[in-house]
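Please read this briefing with the sequence and the structure side by side. The notes are grouped by topic and can be followed in the order given.

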Amino acid sequence: MTTTTSTLVSLPLPAMPRKRKSRAEIEAAAPVAGEKRVLLAAPRGYCAGVDRAVIAVEKALEHYGAPVYVRKQIVHNKHVVSTLEERGAIFVEETDEVPEGELVIFSAHGVSPAVVQSAEDRGLRTIDATCPLVTKVHREAVRFAKNDNEILLIGHEGHEEVEGTYGEAPESTTIVNNPEEARTIEVKNPDKLIWLSQTTLSVDETMEIVQILRERFPNLQDPPSDDICYATSNRQAAIKKIAPQADLVIVVGSANSSNSVRLVEVALEYGAKAAYRVDYAHQVDENWFTGVGTVGVTSGASVPEILVQDVIRLLADYGYADVSEVVTAEEDILFSLPKELRATLKERGDESRSLGGRGSRPAKGS
């Protein structure tokens with residue numbers, strides 16, 4: 001007689017779309033006095049450095065073929081990364097995951113000299129898509145360290161950009177994460193001290209940290225020009241203008257996008273009654289609309305506009321069809337594509353795209 005045993009296997013049920021409450025249900029819960037409206041921040045979304053980096057991967061796939069390896073996420077946005085993966089990009093954490101001799105692209109956040117050397121040691125072909133504004137901070141770190149300055153790098157430890165900048169002069173650099181650390185940090189020579197910063201921080205918090213440091217170290221030097229990039233500053237300025245009027249602010253951007261997370265914080269600090277970050281429109285909770293008359297909408301610097309428009313369409317379904325753009329700055333910055341890629345494009349007669357920046361991406365299908 002043969003005895004058989006069976007093991008119960010639990011299979012997860014497929015995720016079902018959540019049934020949304022209707023507009024009528026939301027309005028019945030708390031009627032809104034007056035007109036519903038959307039205040040749409042401008043500028044928002046892609047900055048020149050992000051645009052340049054995304055185009056670099058697209059062009060590399062087009063001219064070299066898949067796969068193209070990318071160290072870390074090319075920019076911090078789920079949608080962008082998944083779209084490029086579908087086209088043949090492979091995202092890795094470190095260069096030792098890339099087969100020898102293959103092509104690897106360095107992300108917009110920059111890399112340390114040790115990463116560059118690691119790629120060289122493995123015989124990898126490289127394209128450096130580091131944002132030129134991040135490269136500027138790297139060069140400042142090298143220059144000041146050579147002059148025996150101690151560098152206080154304001155930023156979030158563990159962020160790719162901070163790791164890259166720190167790696168330029170680790171013996172001379174100390175990372176300052178927040179105001180609390182600024183109050184306790186010790187330095188070797190307070191008379192040879194300069195601060196630099198991650199490019200995507202809150203402008204207000206950075207200045208708060210600098211003020212604390214300067215009170216402790218009066219001879220602290222400023223960088224020769226702002227390290228916080230124009231796009232970060234502009235997006236924060238726009239949401240500061242909208243926030244006091246907003247019952248709700250929706251920021252489109254990914255959780256690992258420093259500048260997107262900062263936009264939520266800035267919105268709340270400047271008067272928004274509520275503020276949330278989402279990657280996609282389907283993550284918006286319609287319960288947020290209860291009793292809400294004015295919704296502010298913006299997006300981080302690595303977010304394609306299509307994702308913002310999806311949110312706008314959802315808002316229209318709930319009665320927020322009156323959309324006014326709040327413009328606080330005009331952006332027309334353009335960056336040349338990485339030099340390694342420009343050489344290939346020139347050689348192959350590809351004149352379709354050599355720059356990255358606001359307003360310069362061709363329309364879909366053009």
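In this predicted model, strand β4 (residues 103–106) and strand β5 (residues 125–128) pair in the parallel sense over 4 bridges, and within that pairing Phe106 stands opposite Asp128 in β5. To get from β4 to β5 the chain passes through helix α4 (residues 113–121), and this β-α-β crossover is right-handed.

**The five-stranded sheet**

- An open sheet of 5 strands is arranged in the order β10-β9-β11-β1-β12, and its pairing is parallel.
- The edges of this sheet are formed by β10 (275–278) and β12 (323–327), each of which pairs on one side only, while the twist from one strand to the next averages 25 degrees.
- Strands of a sheet pair through backbone hydrogen bonds, in either a parallel or an antiparallel manner.
- Strand β9 (residues 248–252) is joined to β10 in the parallel sense over 4 bridges, with Val249 standing opposite Ala275 in β10.

**Helices against the sheet**

- Helix α10 (residues 258–269) packs on the sheet, where α10 touches β9, β10 and β11, and its direction makes about 165 degrees with that of β10.
- Helix α9 (residues 230–242) lies across β1 (37–42), β9, β11 (294–299) and β12, and α9 runs at about 155 degrees to β1.

**The packing of α2 with α12**

- Helix α2 (residues 48–64) packs with helix α12 (residues 339–347) at an angle of about 40 degrees, and the axes of the two helices are 11 Å apart.
- Angles under 35 degrees would count as roughly parallel and those from 65 to 115 as roughly perpendicular, so α2 and α12 are oblique to each other.
- The crossing of α2 and α12 is left-handed.
- On the α2 side the meeting residues are Ala56, Lys59, Ala60, His63 and Tyr64, and on the α12 side they are Glu340, Leu341, Thr344 and Leu345; by class, this contact has 5 nonpolar, 2 polar and 2 charged residues.

**Backbone details in the loops**

- Most peptide bonds are trans, and most residues other than glycine have a negative phi.
- The peptide bond from Ala42 to Pro43 is cis, with omega near 5 degrees, and Pro43 is found in the loop between β1 and α2.
- The peptide bond from Ala66 to Pro67 is also cis, with omega near 0 degrees, and Pro67 is found in the loop between α2 and β2 (68–71).
- Lys72, which is found in the loop between β2 and α3 (78–87), has a phi near 65 degrees, a positive value in a residue other than glycine.

Methods: Residues numbered from 1 in each chain as written. Predicted model: local features only at pLDDT ≥ 70, side-chain atom pairs only at ≥ 80, totals over all residues. Heavy atoms only, no water. Axes fitted to C-alpha atoms, helices over the stretch in contact; angles between N-to-C directions. Parallel < 35°, antiparallel > 145°, perpendicular 65-115°, else oblique. Left-handed = near helix turned anticlockwise from the far one by under 90°. Contact = heavy atoms within 4.5 Å. Nonpolar A, V, L, I, M, F, W, Y, C, P; charged D, E, K, R; others polar. Pairing = 2+ DSSP bridges. Right-handed = clockwise from strand over helix to strand, strands pointing away.
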